[in-house]
Protein chains: 2
Amino acid sequence: MSSIVVIGGGTGSYTVLRGLKKYTDQLTAIVSMFDSGGSTGKLRDEFGYLPPGDIRRCLIALSPESTDNLFLRRLFEHRFGNGEGLKGHSFGNLFLTALRDITGSDLEAIKQAARILNIKGKVLPVTLNNCTLCAELEDGQIVKGETNIDIPKHNPSLRIKRVFHEPAALAHHECIESIKNAKAIIIGPGDLYTSIVSTLSVEGISEAIQESSAKKIYICNIMTKHGETTGFRVSDHVSIVNEYMPIDYVLCNNKRGNPMLMKKYEEENAFFVEIDYENLKSFNIIERNLITEPILLRHDSVKLAKTVMELL
Amino acid sequence: MSSIVVIGGGTGSYTVLRGLKKYTDQLTAIVSMFDSGGSTGKLRDEFGYLPPGDIRRCLIALSPESTDNLFLRRLFEHRFGNGEGLKGHSFGNLFLTALRDITGSDLEAIKQAARILNIKGKVLPVTLNNCTLCAELEDGQIVKGETNIDIPKHNPSLRIKRVFHEPAALAHHECIESIKNAKAIIIGPGDLYTSIVSTLSVEGISEAIQESSAKKIYICNIMTKHGETTGFRVSDHVSIVNEYMPIDYVLCNNKRGNPMLMKKYEEENAFFVEIDYENLKSFNIIERNLITEPILLRHDSVKLAKTVMELL
């Protein structure tokens, strides 16, 4: 069964999957396994299991939005605002952790959660190895832990030279099979190094994508991310992703927010990712208005899915 | 629809409901709402919601024991053994607390949990008032909080004179209706004061039971409980329950454990409850071997249900 494979972290993949599930139930999410912040990071430290956060988001994305499922979906998304030791925890993360306790297996916990949430399609962790994501900066400094790369404590103007896993991350075999049999592979949107490259650089993933005859679509981010992609244009994103895989189409958003909104983002050091055609001559660029207006500069799942389906 | 109403706390009602659900799906559990210990007590203190523990046990009892339901049941029963702030928490309690957060209503949270667990029958909190259970001892001393009565810090040889709620507990109206329409009402087994009397003494419950034409069955405890029923025989239990309701049948266990087992219980100050027929002349006593042998002196749900059904 050839399906659409969506590779990335939680938030970006959530948007893509939610949109695409209206067109097909042959969806496979291959999920980054390196989150070390927040509720996920705490559970990871305390239980030693794989990080649940990104898996949780993909499970919710693929869960039917029916009345029957409403409370389970809301439970999974619920975050405790109260309770010593509970405050800040995502209930869905606790759900996955309890299932991991019971089943003794990360994979089995995900499968059971998928069954309980009635999801169609598959959610696969990119690796079953419990690894720390590390980044080497341009000055040779090594930053350890996804959340330390994501929310930089180092000088954020230093560029990331490469990311690697400690210990090595080997691809989960079901991911390899899904990639090989896919009719389309969608990468992003998502944090370039901490969600995208961290997943593409898992041993076996890049090779499988290169061998696959699937159409390969990269969805570029709308805004830059402080410390991770400071000053990046579309071509900077594309050239890094292209190190790991061929790209048939690059999907770019061409719609800015209103000046007030742009200013708010700029105060957080996030800037509009410019489409620099002059450096993108060898790529098929599809530019569209892809944002959810007008409150947030986020990809709109409906617009995104519609555009992806036109390319298949 | 006339149904069997089971009144009590979590553990005793769990046993009765699990057995009876093989005979009927017209079961209503009316559940004690005064637990203040353990995971339940902690959540109660931190969130200010009704205590979830006894409700959780009754929900699991009424949930079908099918393969489809297996993981949800196991999740509900799971207790975290790890995690700062999570250790010792029952996952089912967190489930109910999250549902309470989402729905904004204790009743709605129970209803949604019942739906998710596919239960047949009803689980009703005896009251929607958030009360503290208090006991007045024979020396006039007042002990506040269910767990302080249950695990006495006071001199345990002092008898309990009465229990009361602070503030007053008013019966939830659905309980009154269920009791009035029941064909049978089963009380116990369970801690005499903290589960049974605490529930029977909720305003409106005793009156409704007296008005109901249902057969009324009291299932007496197997062993005494230190501080709560020290030295009690069957007649001591019966005379206290009888203050709140007429009793058509008293079900008593007549089977002791082996000497080794009895000794273990005696070391915890728990003794076999003797059937003192001489003081029980005005009651219909049904005595049977009702225990699950040989490891624990607990009521066996199959034996209990079979005996109850013979009386209806």
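**Exercise 1.** Work out how many helices and strands chain A has, and find whether it is as compact as a globular protein of its length.

*Solution.* Step one: chain A holds 13 helices and 10 strands, where helices (H or I, at least four residues) and strands (E, at least two) are DSSP runs numbered from the N terminus. Step two: its radius of gyration is 19 Å, close to the 20 Å from the globule rule for 312 residues, so chain A is as compact as a globular protein of that length. The radius is taken over C-alpha atoms, and the rule is 2.2 Å times the number of residues to the power 0.38.

This is a predicted model, in which local features need pLDDT of at least 70 and side-chain atom pairs count only at pLDDT 80 or more, while totals for chains, interfaces and linings use all residues. Residues are numbered from 1 along each chain as its sequence is written, chains are lettered from A and ligands numbered from 1 in the order written, and side-chain values use heavy atoms, without hydrogens and water.

**Exercise 2.** Decide how enclosed helix H9 of chain B is.

*Solution.* Buried means under 20% relative accessible area, exposed over 50%, and partly exposed in between (1.4 Å probe, protein chains only).

**Exercise 3.** Describe the surroundings of Leu312(B).

*Solution.* First, locate Leu312(B) in the segment after helix H13 (301-311) of chain B. Next, its relative accessible area is 36%, making Leu312(B) partly exposed. Finally, beyond neighbours within four places in sequence, Leu312(B) is in contact (heavy atoms within 4.5 Å) with Ile4(B), Ala184(B), Lys215(B) and Ile217(B).
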